[in-house]
Amino acid sequence: MDRTTIAREVEVEGVGLHSGLGTRLRMKPSERGIAFIKDGTRIPATPPHIVDTRLNTTYGVGNVRVGTTEHLMAALYGLGLTDLDIVVEGDEIPAMDGSALPFVEALGDAGRSPLGVAAAEISPRGVLRFGDGASWIEARPGDFSVSYEIDFPDTAIGRMRFTFDGRGFAERIAPARTFGRMQDVEAMRAAGLALGGGLHNAVVVDGDGVVNPEGLRFEDEFVRHKILDLLGDLWSLQAPLKARITAWKASHALHVRLAKALFEEHRGERA
Ligand SMILES: [Zn+2]
């Protein structure tokens with residue numbers, strides 16, 4: 001694939017999942033990779049600039065930070081966009097409906113502009129593995145695939161696995177919404193998180209049931225969303241991956257450890 005940006009500027013507005021405050025994005029064509037621009041500071045969306053992975057993936061330079069980036073980054077992965085200036089007014093990317101679909105649609109409307117330069121692929125040199133028996137992630141050289149498995153005590157989620165081979169992101173992965181457990185919501189709010197969250201932008205699970213009246217978009221929406229998060233975190237590499245990735249009950253912290261390791265392995269090879 002070629003490095004690609006958008007053909008024209010596009011704006012997206014919404015509410016931040018964690019802050020609960022209004023936030024606005026202006027996304028503009030670029031030839032300098034993907035970067036967030038806030039208060040005049042340019043924050044490259046690369047692994048070394050990921051500064052917080054507590055329930056979301058935050059990029060920063062000094063005190064300037066942009067949070068809840070992962071669903072937008074997943075949309076950029078899905079559309080194969082490698083170059084984009086994302087001007088952010090607010091502390092985080094808007095939650096929209098809790099999935100990547102609104103970003104896929106907005107960026108789709110902006111059109112594509114290939115830069116005429118091949119995007120360098122990244123492949124792990126050997127097996128990379130992080131975590132322990134309770135949760136881990138692994139990447140090995142091979143054709144791209146992600147196989148993710150989760151296991152929750154809530155019977156509404158339970159144990160489920162999904163394998164994504166890179167085809168049909170917009171239909172199979174992008175619509176999967178973020179989710180939370182009822183008993184975690186109070187703890188998150190006490191920690192100043194999820195203040196903008198609700199049934200309009202998250203699936204809420206209470207033991208054996210889904211609280212949302214509309215139900216699920218897929219029977220296995222939860223694990224599809226974990227793949228969405230992982231694809232977004234790995235798109236910090238801003239390059240197609242030649243890797244077979246396997247994850248067991250992983251988290252943003254583990255996704256980002258893998259992204260940082262791949263970045264370090266291939267430092268100096270980037271165009
Ligand atoms: Zn997510």
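Me: Why is Ala259 called buried?

Reply: Ala259 has 24 other C-beta atoms within 10 Å. The rule says buried for 20 or more other C-beta atoms within 10 Å of a residue's own, exposed for 12 or fewer, and partly exposed in between, with C-beta atoms placed from the backbone. So Ala259, with 24, is buried. Bear in mind that this is a predicted model, where local features need pLDDT of at least 70, side-chain atom pairs count only at pLDDT 80 or more, and totals for chains, interfaces and linings use all residues. Numbering starts from 1 along each chain as its sequence is written.

Me: Where is Ala259 found, and what is it in contact with?

Reply: Ala259 is found in helix H6. Helices (H or I, at least four residues) and strands (E, at least two) are DSSP runs, numbered from the N terminus. Being in contact takes C-beta atoms, placed from the backbone, within 7 Å of each other. Leaving aside neighbours within four places in sequence, that gives Ala259 the partners Pro47, Asp233, Leu234, Ser236 and Leu237. For Ser236, 23 residues apart from Ala259 along the chain, the C-alpha separation is 7.2 Å.

Me: What makes Lys249 partly exposed?

Reply: Lys249 has 17 C-beta neighbours inside 10 Å, so it counts as partly exposed. You'll find Lys249 in the loop between E18 and H6, with a positive phi of about 50° although it is not a glycine.

Me: Why are H1 and H5 called roughly perpendicular?

Reply: Helix H1 (residues 70–79) and helix H5 (residues 221–234) pack at about 80°, their axes 7 Å apart. Axes are lines fitted to C-alpha atoms, for helices over the stretch in contact, and angles between N-to-C directions run from 0 to 180 degrees. Under 35 degrees is roughly parallel, over 145 roughly antiparallel, 65 to 115 roughly perpendicular, and the rest oblique. H1 and H5 are therefore roughly perpendicular to each other.

Me: Which residues meet there, and how many are nonpolar?

Reply: Glu70, His71, Met73, Ala74 and Tyr77 in H1 meet Leu228, Asp229, Leu231, Gly232 and Asp233 in H5. By class, this contact has 5 nonpolar, 2 polar and 3 charged residues. Ala, Val, Leu, Ile, Met, Phe, Trp, Tyr, Cys and Pro count as nonpolar, Asp, Glu, Lys and Arg as charged, and the others, Gly among them, as polar.

Me: Which residues touch the most other members of the largest nonpolar core?

Reply: Of its 73 residues, Ala75, Leu76, Leu107 and Ile227 do. Such a core is a set of buried Ala, Val, Leu, Ile, Met, Phe, Trp, Tyr and Cys residues joined through C-beta atoms within 7 Å. Beyond four places in sequence, Leu76 is in contact with Ile34, Leu81, Leu84 and Trp235.

Me: How do you know that E2 and E3 pair?

Reply: Pairing takes at least two DSSP bridges between two strands. Strand E2 (residues 10–15) and strand E3 (residues 22–28) are joined by 6 and run antiparallel. Glu11 stands opposite Arg26 in E3, and Val12 has Leu25 in E3 as its bridge partner. In the hairpin of E2 and E3, with 6 residues between the strands, Gly20 takes a positive phi near 75°.

Me: What makes E2 an edge strand of its sheet?

Reply: The open sheet has 5 strands in the order E2-E3-E9-E4-E5, with mixed pairing. E2 and strand E5 (41–44) each pair on one side only, and these are the edge strands. From one strand to the next the twist averages 25°. H2 packs on the sheet, touching E2 and E3, and its direction makes about 160° with that of E2.

Me: Last one: what makes Ala243 buried?

Reply: Ala243 has 22 C-beta neighbours inside 10 Å, so it counts as buried. Ala243 belongs to strand E18 (residues 243–248).

Terms used: Contact = placed C-beta atoms within 7 Å.
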